[in-house]
Amino acid sequence: MRDQKLRGIEESASSGLQNLRLFMEQKVLLLTQYLSITRTMKETFMQKKEINLIELLSKRQDCINRIQKTDLSVKKIMNTGAEELSRISYEVKSSLDAYQRSIKSLLEQIAPIDAEVMVMVKEESRGVKAELLKIRNVRHAAKGYSSNEKRIPMYMDAKR
């Protein structure tokens, strides 16, 4: 009876470790995709191309949402199997460390590119605001030249 219980714990720990590896691999893939989308956005802004930014932003947000779900799953595995995870082999620890290093590397690549994109977006936003303000001022000035008197409409078929 006790052997069956230990086997069950070992199997759940190994399946938890397998799931943990899968989630870490998925996070690496999602961060790679996020990096690719961010680079595309940067290139687009630098070249002043006309593209659908909403599509790129929605893809990035989808990556963020999926990364958050993956993080929650990893956290859940870590909380439920903390005791079993403390007894993992060196090989498994090294593979998890490799995933962590690649995640860290990807985040270090993403951060400066993301900051540059944010600066470009703010500059573009300032330019659009300035243009709208200029248009508003021109319209306001043009209103000053219009006459305030009301004219009676003239109809072609009216008798005088």
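This is a predicted model: local features need pLDDT of at least 70, side-chain atom pairs count only at pLDDT 80 or more; totals for chains, interfaces and linings use all residues.

Let me start with Val128, which is partly exposed, at a relative accessible area of 45%. Since I'll keep using those words: buried means under 20% relative accessible area, exposed means over 50%, and partly exposed is in between, with a 1.4 Å probe and protein chains only. Numbering runs from 1 along each chain as its sequence is written, and side-chain values use heavy atoms, with hydrogens and water left out.

Back to Val128, which sits in helix α4, residues 90-144. Together with Leu132 and Ile135, Val128 makes a nonpolar surface patch of about 270 Å². For a patch, residues need over 30% relative accessible area and no salt bridge; like charges are joined within 9 Å, and nonpolar side chains (Val, Leu, Ile, Met, Phe, Trp, Tyr) within 5 Å. The areas are Shrake-Rupley with a 1.4 Å probe, and for residues only the protein chains shown count as cover.

Now let's zoom out. Of the 160 residues in the chain, 23% count as buried. The accessible surface comes to about 13100 Å², and 56% of that belongs to carbon and sulfur atoms. As for contacts (heavy atoms within 4.5 Å), take those with a separation of 6 or more: 82% of them are between residues 24 or more positions apart.

On to the inside. Which residues have the most contacts inside the largest nonpolar core? They are Leu31 and Leu96, in a core of 25 residues. The elements giving two or more residues to this core are α1 (2-47), α2 (53-80) and α4, and α1 gives the most, with 11 residues. By core I mean a set of buried Ala, Val, Leu, Ile, Met, Phe, Trp, Tyr and Cys residues joined through side-chain atoms within 4.5 Å. If you click on Leu96, you'll find that Leu96 touches Leu20, Arg21, Met24 and Ile88, leaving aside residues up to four places away in sequence.

Next, the charges. How many salt bridges does the structure hold? There are 6, where a salt bridge is a side-chain nitrogen of Lys or Arg within 4 Å of a carboxyl oxygen of Asp or Glu. I picked out a few.

One of them pairs Glu116 with Lys42, the closest N and O atoms being 2.8 Å apart. That pair links distant parts of the chain, with Glu116 in helix α4 and Lys42 in helix α1, 74 residues apart. Glu116 has 35% relative accessibility, so Glu116 counts as partly exposed.

Then there's Asp114 with Arg60, at 2.9 Å between the closest N and O atoms. Asp114 lies in helix α4 and Arg60 in helix α2, so this pair ties together parts that are 54 residues apart in sequence. Are Asp114 and Arg60 buried or exposed? Both are buried, with Arg60 at a relative accessible area of 10%. Around Arg60, again skipping residues up to four places away in sequence, the residues touched are Tyr34, Ile37, Thr38, Met41 and Asp114.

Last stop, still in helix α2: Ser58. The Ser58 side chain reaches the backbone oxygen of Glu55 at 2.8 Å. That's a polar contact, meaning a pair of N or O atoms within 3.5 Å; within protein, one must be able to donate a hydrogen and the other to accept it, and residues adjacent in sequence count only if both atoms are side-chain atoms. Ser58 is at 42% relative accessibility, so Ser58 counts as partly exposed.

Methods. Helices (H or I, at least four residues) and strands (E, at least two) are DSSP runs, numbered from the N terminus.
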